[in-house]
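Have the model open as you read.

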Amino acid sequence: MGENFKYFRHDSCEYFPCHCADGMEEFNCLFCYCPLYALGSGCGGNFSYTEEGVKDCSACLIPHRRSGYEYILKQYDRIKDIALNNR
C-alpha cells in the first residue's frame, strides 16, 4: 500500500506557504489546521503565547513535515480525551 495519503501540498493556496522553512519542496499541507493545537502546552511543538494568551504556532513545523503525520497520529488518543471531556 502506498503512503500518498500522508502528504498533500496545495501550492495554489493564497496562504501558501503559511510558514517559511528550509525544505519547502517537502512542505505538507495535510494538517493545515493543526490538531495538536488543542493539546495546549503539551503539544510538543515550537510555540509561544501572545500577550493576550493566544497560542502562536507560527514557528512550529510539526504538521508541515512528512514525519509529522506519524507524530500527530500518536497524539490522537490525547486529542480524543479532550473532546470527550468537553461534550
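What share of the contacts in the chain with a separation of 6 or more comes from residues 24 or more positions apart? The figure is 48%, where contact means heavy atoms within 4.5 Å.

## What you're looking at

This is a predicted model, so local features need pLDDT of at least 70 and side-chain atom pairs count only at pLDDT 80 or more, while totals for chains, interfaces and linings use all residues. Residues are numbered from 1 along each chain as its sequence is written, and side-chain values use heavy atoms, with hydrogens and water left out.

## Overall layout

Two helices and two strands are found in the chain, and along the sequence they run β-β-α-α. These are DSSP runs numbered from the N terminus: helices are H or I with at least four residues, strands E with at least two. Along the principal axes, the C-alpha atoms fill a box of roughly 40 × 35 × 20 Å.

## Nonpolar cores

The largest nonpolar core has nine residues: F31, L36, L39, C43, C60, I62, Y69, I72 and I79. A core here is a set of buried Ala, Val, Leu, Ile, Met, Phe, Trp, Tyr and Cys residues joined through side-chain atoms within 4.5 Å. Apart from it there's another core, of five residues, including F16, A21, C29 and L61.

Take Y69, one of the nine. Setting aside neighbours within four places in sequence, Y69 touches F5, K6, L30 and F31.

## Around Y7

Y7 sits in the segment before β1 (48-49). Is Y7 buried or exposed? Y7 counts as buried because its relative accessibility is 19%.

Take E26: Y7 and E26 are 19 residues apart in sequence, and their C-alpha atoms are 8.9 Å apart in space. As for F27, its backbone oxygen lies 3.0 Å from a polar atom of the Y7 side chain.

Terms used
Buried means under 20% relative accessible area, exposed over 50%, partly exposed in between (1.4 Å probe, protein chains only). A polar contact is a pair of N or O atoms within 3.5 Å; within protein, one must be able to donate a hydrogen and the other to accept it, and residues adjacent in sequence count only if both atoms are side-chain atoms.
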